[in-house]
Amino acid sequence: MEPFNPADPFEVATEAMRKEIADLINRQWTKAPAMAGLSPEAKAQAIMTALTVSLAATMKIMVNAPETHLIEAIRGSLPAAFAQAAGIIADTADPREVRH
């Protein structure tokens, strides 16, 4: 996987949004009163549900494409997303990364 390129506007925009989302998830996991009574498994499920519904709704609004194309676009992006996540978790990503 290529290292983070701070000169690439797409990478800068993507990284900024990823960090905001990660911060939100961390706050929900650790501080949200609505999550306090949930098991770790239920918290994870609640977060995954919220993220996937938000992604689907946003894509349906912003992208004029059939739902099947949007699903394939999401499905196609998952291997790279998991590879990037593995790098962050393994602490091999860019040292400027915010880690949660």
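A salt bridge here is a side-chain nitrogen of Lys or Arg within 4 Å of a carboxyl oxygen of Asp or Glu. I start with that cut-off, as the charged pairs were what I looked up to begin with.

**Ground rules.** I am working on a predicted model, where local features need pLDDT of at least 70, side-chain atom pairs count only at pLDDT 80 or more, and totals for chains, interfaces and linings use all residues. Residues are numbered from 1 along each chain as its sequence is written, and side-chain values use heavy atoms, with hydrogens and water left out.

**Overall look.** I find three helices and zero strands, where helices (H or I, at least four residues) and strands (E, at least two) are DSSP runs numbered from the N terminus. Along the sequence I read the pattern α-α-α. The accessible surface comes to about 7,600 Å², and 67% of that belongs to carbon and sulfur atoms; the areas are Shrake-Rupley with a 1.4 Å probe, and for residues only the protein chains shown count as cover. Of the 100 residues, 12% count as buried, meaning under 20% relative accessible area, with exposed over 50% and partly exposed in between (1.4 Å probe, protein chains only).

**Salt bridges.** How many salt bridges does the structure hold? I get four. I started with Glu15, whose side chain meets that of Arg18 at 2.9 Å, N to O. Both sit in helix 1 (residues 9–31), three residues apart, about one turn of the helix. Glu15 counts as buried because its relative accessibility is 9%, whereas Lys19 is partly exposed at 22%.

Next I looked at helix 3 (residues 67–89), where Glu72 and Arg75 are three residues apart and so separated by about one helical turn. Their closest N and O atoms are 2.4 Å apart, in a salt bridge. Glu72 is partly exposed, with a relative accessible area of 45%, and Arg75 is partly exposed at 49%. Back in the other group, salt bridges that share partners join Glu15, Arg18 and Lys19 into one network.

**Helix 1 against helix 2.** Two packed helices are described by the angle between their axes and the distance between the axes. For helix 1 and helix 2 I get about 145° and 11 Å. The axes are lines fitted to C-alpha atoms, for helices over the stretch in contact, and angles run from 0 to 180 degrees between N-to-C directions. Who meets whom? Ile21, Ile25 and Trp29 from helix 1 meet Pro40, Lys43, Ala44, Ile47 and Leu51 from helix 2.

**Lys43.** This one made me stop. Lys43 lies in helix 2 (residues 40–62), and it is buried yet has no salt bridge. Which side chain of opposite charge is nearest to Lys43, and how far away? That is Glu41, 9.8 Å away, with Lys and Arg counted as positive, Asp and Glu as negative, and His and the chain ends not counted. Leaving out residues up to four places away in sequence, Lys43 touches Trp29, Met35 and Leu38.

**Ala56.** My last stop, Ala56, is also in helix 2. I note it as partly exposed, because its relative accessibility is 34%. Ala56 and Ile71 are 15 residues apart in sequence, and their C-alpha atoms are 8.3 Å apart in space.

Technical notes
Contact = heavy atoms within 4.5 Å.
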